[in-house]
Amino acid sequence: MTSHFFFDKILILNILSGLNGDFLEHYFTNNENLKSEIRNITYSFNNHEFLFVSDNGVFSKDKLDFGSRLLIETFLKHEKRRNLEILDVGCGYGFIGIVVGYFLDSYVTMCDVNKRALHLTNRNIEKNKIRGETIESNVYDSITKKYDVILTNPPIRAGKSVVVKILTEAKNHLKENGKLWFVIRKDQGAKSIVSLLSEIAQCEIIEKSKGFYIIRAEFS
C-alpha cells in the first residue's frame, strides 16, 4: 500500500511538472527548447576534488544529491577491486560513474535517455580524466554488453514500471557474480522493492541514512 501511494504521488508530481516549467522539468526526457544555464559543481572525496558541469533539465542540477553521494561512498567502502567494467544506468551528468571509475581505475559506461545529460557526461568524463563512454538508451534498450557492476539512482519520477525494469532487468546485463547497487528512499517503497527483488536475487540493505537505503543485489 505504501508503494502504491508513493507512485500515485509521483503521478501528481508529473502532472504538476507541465504547469511549473523547470521546477519539475522531466530529467528523463528530452526538451530541446529548454533554456541552457550551465553551472559548475564540485565534490570532494578521499582528498580528491571532482568538477562537474551541469545544466537545466538534468537530475540534481545544482548539487550532488545526498542519495547519490551515499551510494558512491558506501559502494567504495565495500568494493576494492580495480579494472572493473561498470554500468551507470540513468547517469544524469555522470557523477556516480565518474567518481567510482576514478577511484577503482575502471572503465565506466554511462547511459541515459536524456541527450543533454549525455552531452554533459561526455564533458565531465574529459574534465575528470576517467575512462568511459556514454550510450543513449531507454533503460537497457541499447545495452549489449555485460558488466561486473551496475550502479543506479533510479529515476523515481519516471514511474514505477521504469524503476522496476531498471532493477529487475539488471540480471540480464551482469556477468557471473556481478552485482547491482542502487539507492532508494524508504518513502519511495524501499521495503517493497527489496521484497520484489528478493524473489529473483539475494538482496542486502548495506546502509541506511536519512531515509535513504543503499541496497546490493546479486542475481542467481
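Helix 2 (residues 66–78) and helix 3 (residues 95–103) are roughly parallel to each other, because the angle between them is about 20° and angles under 35 degrees count as roughly parallel, over 145 as roughly antiparallel, 65 to 115 as roughly perpendicular and the rest as oblique. Their axes are 10 Å apart; axes are lines fitted to C-alpha atoms, for helices over the stretch in contact, with angles running from 0 to 180 degrees between N-to-C directions. On the side of helix 2, the contact is made by Ser68, Leu71, Ile72, Phe75 and Leu76, and on the side of helix 3 by Phe95, Ile96, Val99, Val100 and Phe103, where contact means heavy atoms within 4.5 Å. These residues divide into nine nonpolar, one polar and no charged (Ala, Val, Leu, Ile, Met, Phe, Trp, Tyr, Cys and Pro count as nonpolar, Asp, Glu, Lys and Arg as charged, and the others, Gly among them, as polar).

The model is predicted, so local features need pLDDT of at least 70 and side-chain atom pairs count only at pLDDT 80 or more, while totals for chains, interfaces and linings use all residues. Residues are numbered from 1 along each chain as its sequence is written, and side-chain values use heavy atoms, with hydrogens and water left out.

The protein chain has six helices and nine strands, taken as DSSP runs (H or I, at least four residues, for helices; E, at least two, for strands) and numbered from the N terminus. Of the 220 residues in the chain, 50% are buried (under 20% relative accessible area; exposed is over 50% and partly exposed in between, with a 1.4 Å probe and protein chains only). Among contacts between residues at least 6 apart in sequence, 64% join residues at least 24 apart.

Met110 is placed in strand 4 (residues 107–112) and is buried, because its relative accessible area is 0%. Beyond its neighbours within four places in sequence, Met110 is in contact with residues including Asp88, Cys91, Ile98, Leu118, Ile125 and Glu133. Met110 and Glu133 are 23 residues apart in sequence, with their C-alpha atoms 6.3 Å apart in space.

Most residues other than glycine have a negative phi. Asn47, in the loop between strand 1 (39–45) and strand 2 (48–54), has a positive phi of about 65°. Asn47 counts as exposed because its relative accessibility is 88%. Asn83, in the loop between helix 2 and strand 3 (85–89), also has a positive phi, near 60°, and is exposed, with a relative accessible area of 58%.
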